[in-house]
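Thanks for coming. I have one structure to go through today, so let me put it up.

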Amino acid sequence: MKKFLKILGWLLAFALVSTGVYVFKILPTKVDAGMNVVLDHKPYQISEKALKLHANMRVADLHADTLLWKRNPAKRHNHGQTDLPRFQAGSVAVQVFSTVTYVPGNMNTDANKMENDQMPLLAKVQLWPMRTWNSIYERAVFQSERLHKVERQSDGHFIIARSKSDLRAALNRRASNKDILVGVLATEGAHPLEGDITNLDKLYDAGFRMIGLQHFFDNKLGGSLHGVSKSGLTPFGKEVIAKIVDKGMMIDIAHSSIKTVEDVLALTDAPMVVSHTGILSLCNHPKRNIPDNLMQQIADRGGLIGVGFWETAVCDATPDGIAKMLIHGANKFGVEHIALGSDFDGSVTTKLDTSELAAITDALLRQGMSEGDIRKVMGENQIAYFLQHLPGE
Ligand SMILES: [Zn+2]
């Protein structure tokens, strides 16, 4: 009997450990790999000319959600779409790391309510600290802490830019070491403010420099393109915009409703970015992307349009299709206003990961864009924008 109990005890312990390993180790990787898919493809054929040009470029990207997943960004993985080794392989110099902090159930592009939040479950399975389970604000702060940990452990290869001078210094260092990546922190939706304007100061202190106003649902600032109300800025939203501008942070209107974008344009002269989007006149997905006339106004006041890499952004998500959209944007709104906005690791399916960005350079060359313009859309426009619009000197 004693022996039987001992064996039963071992079996129970084994069952508990293997359940634990499954829930907290295998399951998060499965979820990550299932949400951030790179479709199987043959290696892209890239000309010598394109390879050489790409290797000497400073690539920049306006949007990746790397920090949402358990995957350690410092190590190379064979799932998901980004990590430091793959950024280096893709010649990426500057990457915006955005923070997803609230995920409604049954998320769609039509009409989502801010309810049935999936984040507590994801936070628990990924062993995020308890403070993140029920606080949207803490989820943003925790993701900032994760990025700062990567910086501390990177041996100088990853630098978070909080100011113009940070970015200048990091890029100077990168001139002699192309493995250096610069990160800028952003929110995907300003709901981490939790309706309290003083939280903007705290997010600023945590390193956030770009504030996305909405994500998939209306929040306390105003309407989302995929929300229920399709409404504009609330009085709180107006207050937040004024303070973002005051603090020298950058505004991102990706996912905002048409009315919200119109309200922001009316409220401030500050330039803004559409960090990850498509352009309707080439790819007609109005439930995901705002109309061209608003894009034109954003470009006219010096803003940036980040072209996404997934189907509803570009309609053809191959490197050729992405290049076609970049050229379309450059022709329509001016080459200075076009940038990359991959949405890597943003629960999108893509046909390349960040290590394969040279395939876009190759496609741009084949489609006739000049080398100077390719450098601009692949990164220099974003770098120039950040050197002008990050806070400080
Ligand atoms: Zn997004």
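Where is the place of Asp-345? Asp-345 sits in the loop between β9 (338–340) and α13 (358–366). Helices here are DSSP runs of H or I with at least four residues, and strands are runs of E with at least two, numbered from the N terminus.

Some ground rules. This is a predicted model: local features need pLDDT of at least 70, side-chain atom pairs count only at pLDDT 80 or more, and totals for chains, interfaces and linings use all residues. Residues are numbered from 1 along each chain as its sequence is written.

Back to Asp-345. Its phi is positive, about 65 degrees, although it is not a glycine. Asp-345 counts as buried because 28 other C-beta atoms lie within 10 Å; the cut-off for buried is 20 or more, exposed is 12 or fewer, and partly exposed is in between, with C-beta atoms placed from the backbone.

Leu-127 also is not a glycine and has a positive phi, about 60 degrees. Leu-127 lies in the loop between α4 and α5, and it counts as exposed, with 11 C-beta neighbours inside 10 Å.

Finally, the whole protein. The secondary structure comes to 14 helices and nine strands. Of the 393 residues, 48% count as buried. The C-alpha atoms fill a box of roughly 80 × 55 × 40 Å along the principal axes.
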